[in-house]
Amino acid sequence: MTGRITEEVTFAVIVNGVVCTPQEVIANGVVVIAGGQIQAVDHQAKVSIPAQAKVFDAMGQHVIPGLIDLHIHGLEGQDAMLDAGVTNMAPRLAHYGVTAFLPTVTPAPLPELEERLAAVAEAVVQRPQGAKPLGIHLEGPFLSPQQPGMMNAAHFRPFAEAEFERMWTAAQGLLRMVTLAPEEADNMRAIPHLLDRGIVPSIGHSNATFMQVTEAVRRGLTHASHTYNAMRGFHHREPGVVGGVWLHPQITAQVIGDGTHVHPAGLQILLQIKGVDGVALVSDATLLAGLPPGEYQWEGETVIVDSRSARLTNGTLAGSTVLLNQGLRTLTEEVRLPLEEALVTVTRTPARALGLPKGELAPGYDADLVILDADLRPLLTMVEGEVVFRSPDLGGH
Ligand SMILES: [Zn+2]
């Protein structure tokens with residue numbers, strides 16, 4: 001029997017696009033892909049297209065890096081924490097232009113939390129079709145009972161090394177981000193501990209004072225979970241967590257981009273202070289995201305879903321329901337940012353927050369990209385060189 005002695009390199013080329021790298025915008029641009037990575041990005045006239053390449057015509061539409069969501073709990077009835085949740089979410093996320101995500105796990109009694117972590121870790125290892133799960137974001141359980149948001153504070157607990165070890169083991173070492181309230185008990189000590197394992201420590205569900213945030217930054221804090229939501233707000237005599245996030249350039253600020261959890265002016269202030277390289281838009285989407293408007297039963301409550309939000313019958317927001325492509329629209333239409341700038345918050349910034357070669361269209365980066373139509377709807381989504389979604393509206397074959 002003769003086996004192949006050399007691995008076949010698959011070439012693909014995107015032509016005729018307005019390519020947002022996002023450092024520059026190349027009209028009539030070409031992206032050359034080989035072996036799951038980007039090989040070249042340039043003007044059409046300057047690139048020789050390999051003869052054996054599969055060619056995709058972007059039809060003059062935008063070609064952008066794939067969207068990266070650092071904070072997502074579910075989608076279309078799928079809960080990221082349950083057995084097949086991540087596996088079922090991954091292909092659906094590609095329809096929204098999301099190419100990579102951090103499935104997020106919330107607090108529970110320790111044995112149940114271990115089960116949740118084990119289920120997600122297994123899905124990450126199995127590498128489902130579609131968007132790529134990048135590891136796990138553990139949102140808690142080292143949180144402040146004063147800022148529970150939608151969570152049950154009974155499951156919050158202080159950081160303790162032995163317990164964290166159990167979570168780390170259950171997660172097969174795939175924790176990439178942990179949200180914590182540094183002011184509670186021994187939680188400040190968790191920061192260097194997380195950094196030692198390559199985990200991004202993120203402040204969230206926190207009632208810390210400005211001084212406590214500053215101390216956390218001194219210990220290595222670099223990230224904030226859903227800025228403004230479930231954290232001590234700004235007061236001119238006590239700038240709180242929000243003031244700390246605004247002021248410290250070391251902190252990359254996640255913010256929910258649905259235009260409801262944070263007023264567009266709140267988004268604009270954050271962007272003006274930190275710039276697009278300091279802000280990572282997140283969906284914080286729940287399993288209600290992407291479902292048609294209507295009334296649903298969720299966690300024992302009646303939730304009313306409309307086109308933009310999900311609320312309990314008393315009006316309280318019940319998690320977010322829109323994905324990052326919609327967040328991009330909030331930034332372009334309501335904050336009036338040009339697309340190529342808005343785009344940084346859903347591509348380069350989240351990729352850099354995790355230190356990944358993603359989020360940019362440049363040689364050597366992973367070939368994660370999206371062709372977006374003028375209405376910001378994905379026409380084609382590619383993950384590491386593989387087409388994982390293709391709209392019938394995209395021409396060709
Ligand atoms: Zn949260």
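Tutor: A salt bridge here is a side-chain nitrogen of Lys or Arg within 4 Å of a carboxyl oxygen of Asp or Glu. Keep that cut-off in mind for this predicted model.

Student: How far apart are the closest N and O atoms of Arg352 and Glu360?
Tutor: The cut-off for such a pair is 4 Å. Arg352 and Glu360 form a salt bridge. Their closest N and O atoms are apart by 3.2 Å.

Student: How many salt bridges does the rule find across the interface of domain 1 and domain 2?
Tutor: Domain 1 covers 11–64 + 360–390, and domain 2 covers 67–354. Between these two, 4 residue pairs are in polar contact. For salt bridges across the interface, the rule finds 3.

Student: Which element gives the most to the side of domain 1 that touches domain 2?
Tutor: Several strands supply at least two residues each to that side: β5 (62–65), β20 (369–372), β21 (378–383) and β22 (386–390). The top contribution is 4 residues, and it comes from β21.

Student: What area do domain 1 and domain 2 bury between them?
Tutor: Start with the contacts: 21 residues of domain 1 meet 23 residues of domain 2. The C-alpha centres of the two domains lie 29 Å apart. Of the area buried between them, 64% is on carbon and sulfur atoms. The total is about 1700 Å².

Student: Which residues are the protein donors of the zinc ion?
Tutor: Donors count within 2.8 Å of this metal. The protein donors lie 1.9 to 2.3 Å from the zinc ion. They are Glu139 (OE), His205 (NE2) and His226 (NE2).

Student: What spacing do the donors of the zinc ion follow along the chain?
Tutor: Read the donors in chain order: Glu139, His205, His226. The spacing is E-x65-H-x20-H.

Student: How many residues apart in sequence are the parts that Glu139 and His226 tie together?
Tutor: Glu139 sits in strand β11 (residues 136–139). His226 sits in the loop between β14 (223–224) and α6 (240–247). The pair therefore ties together parts whose separation in sequence is 87 residues.

Student: Are Glu139 and His226 buried or exposed?
Tutor: Buried means under 20% relative accessible area. Glu139 has 1%. His226 has 3%. Both values fall under the cut-off, so Glu139 and His226 are buried.

Student: What is the phi of His226?
Tutor: Most residues other than glycine have a negative phi. His226 is not a glycine, yet its phi is positive. The value is about 25°.

Student: Which loop holds Ala230, with its positive phi of about 55°?
Tutor: Ala230 is not a glycine either. It counts as buried, at 17% relative accessibility. Its place is the loop between β14 and α6.

Student: How many of the residues of α6 are buried?
Tutor: The buried ones are Gly240, Val241, Val242, Gly243, Gly244, Val245 and Trp246. Their cover includes β13 (200–203), α5 (210–218), β14, β15 (252–256) and α7 (264–274). α6 is mostly covered, with a buried count of 7 of its 8 residues.

Student: Where is Pro22 found?
Tutor: The peptide bond from Thr21 to Pro22 is also cis, with omega near 0°. Pro22 itself is in the loop between β1 (11–20) and β2 (25–34).

Notes
Residues are numbered from 1 along each chain as its sequence is written. This is a predicted model: local features need pLDDT of at least 70, side-chain atom pairs count only at pLDDT 80 or more; totals for chains, interfaces and linings use all residues. Side-chain values use heavy atoms; hydrogens and water are left out. Donors are N, O and S atoms within 2.8 Å of the metal (3.2 Å for Na, K and Ca); water is not among the atoms, so sites may look incomplete. Buried means under 20% relative accessible area, exposed over 50%, partly exposed in between (1.4 Å probe, protein chains only). Domain bounds come from an automatic or database domain assignment. Contact means heavy atoms within 4.5 Å. Buried area is the accessible area (1.4 Å probe) that two parts lose on being put together, summed over both. A polar contact is a pair of N or O atoms within 3.5 Å; within protein, one must be able to donate a hydrogen and the other to accept it, and residues adjacent in sequence count only if both atoms are side-chain atoms.
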